[in-house]
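Me: I have a chain open in the viewer and would like to learn how to read its features. Please take me through them one at a time.

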Amino acid sequence: MTPILEAKNVSKSYGVYQALKNVSLKFFEGETISIVGPNGAGKTTFVNVLTGLLKPTEGDVDFCGKSIAGVGPVKLSQYGMARAFQLVQIFPLMTVQETIISAVISQTGSQYNFWSNAVAQKRLVDKAFEVARIFNLDKKMSWQASYLSQGEKKLLDIASAFALDPTVILLDEPTSGISTADKRGIMDTLMEAAKLSGIKTILLVEHDMELVAEYSTRIVALAEGKLLADLPPKEFFANAELEAQIIGKRVSHA
């Protein structure tokens, strides 16, 4: 099977500090892959390299057979990969509709052409409603983002990434800042949205290991810039030593 995304012997250095050390991974269609690791493990650097924000010092990243090393978010979205960031990127005074439309315009690099005629405007509005409906935000299209709940703000930010029609999406801490009671609701919405949107592969960076266990098909663990494990959830959580390395639990050898 041909991977949809592949990291090939990727290393990244900042001066003398090596944040990533020869990481090679293949990601396939139909997977939800969680990327986990303790603080300082190299997760952020790896994700930034995978999504073209950083160019690796050594190695390469292929997406659908094409190198995307350091291409940046605009070119990446044109290729078919999108990323929702940990910190909500929305503007509080913009409406839900304006936020989704602006994401499409800014990421395609066609700031002016989209609004050149009525047909283009209608296409944008229809697209915004289609995406908002998937995330249960269609009844609030005229609301300013500042009036949304924290969970709805997070969904709006992610909806803006989904609006780009990606085949692969990276969700960076999608439940950060969300109450424990609402986390599963957010994740259920995201998984259903991915199905409805035709997204083929999900990359998930998430600290909540219960969510990682429940929603992942595969877990990739990093530590000190190196690949520590690449396992299905059952095998990962069956290894107490490995789990302890990731979340800092003390393991009893009694």
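Me: What covers the buried residues of helix H9 (residues 240-247)?
Reply: Helices (DSSP H or I, at least four residues) and strands (DSSP E, at least two) are runs numbered from the N terminus. Buried means under 20% relative accessible area, exposed over 50%, and partly exposed in between, with a 1.4 Å probe and protein chains only. Contact means heavy atoms within 4.5 Å. In this predicted model, the cover over the buried residues of H9 includes E3, helix H7 (209-215), strand E9 (218-223), strand E10 (226-231) and helix H8 (233-238). Those buried residues are Leu242, Glu243, Ala244 and Ile246. At the start of H9, the backbone nitrogen of Glu241 has a side-chain oxygen of Asn239 within 3.2 Å.

Me: Which conventions apply to these values?
Reply: Residues are numbered from 1 along each chain as its sequence is written, and side-chain values use heavy atoms, without hydrogens and water. As the model is predicted, local features need pLDDT of at least 70 and side-chain atom pairs count only at pLDDT 80 or more, while totals for chains, interfaces and linings use all residues.

Me: Which way do the side chains of strand E8 point?
Reply: In a regular strand the side chains alternate between the two faces of the sheet. From E8, Thr201, Leu203 and Val205 point one way and Ile202 and Leu204 the other, and all are buried. Because five of the five residues of E8 (residues 201-205) are buried, the strand is largely enclosed by the rest of the structure.

Me: Which strands pair with E8?
Reply: Two strands pair if DSSP finds at least two bridges between them. Strand E3 (residues 32-36) pairs with E8 in the parallel sense over four bridges, with Ile35 opposite Val205. Strand E7 (residues 168-172) also runs parallel to E8, joined to it by five bridges, and Leu170 stands opposite Leu203. From E7 the chain crosses through helix H6 (residues 180-197) to E8, a right-handed β-α-β crossover; with the strands pointing away from the viewer, the path from the first strand over the helix to the second runs clockwise.

Me: How many residues of helix H5 are buried?
Reply: In H5, 11 of the 13 residues are buried, so to say mostly covered. Among them are Leu155, Leu156, Ile158 and Phe162.

Me: What share of the whole chain is buried?
Reply: Buried residues are 50% of the 254 in the chain, which has nine helices and 10 strands.

Methods:
Polar contact = N/O pair within 3.5 Å; in protein donor to acceptor, adjacent residues only side chain to side chain.
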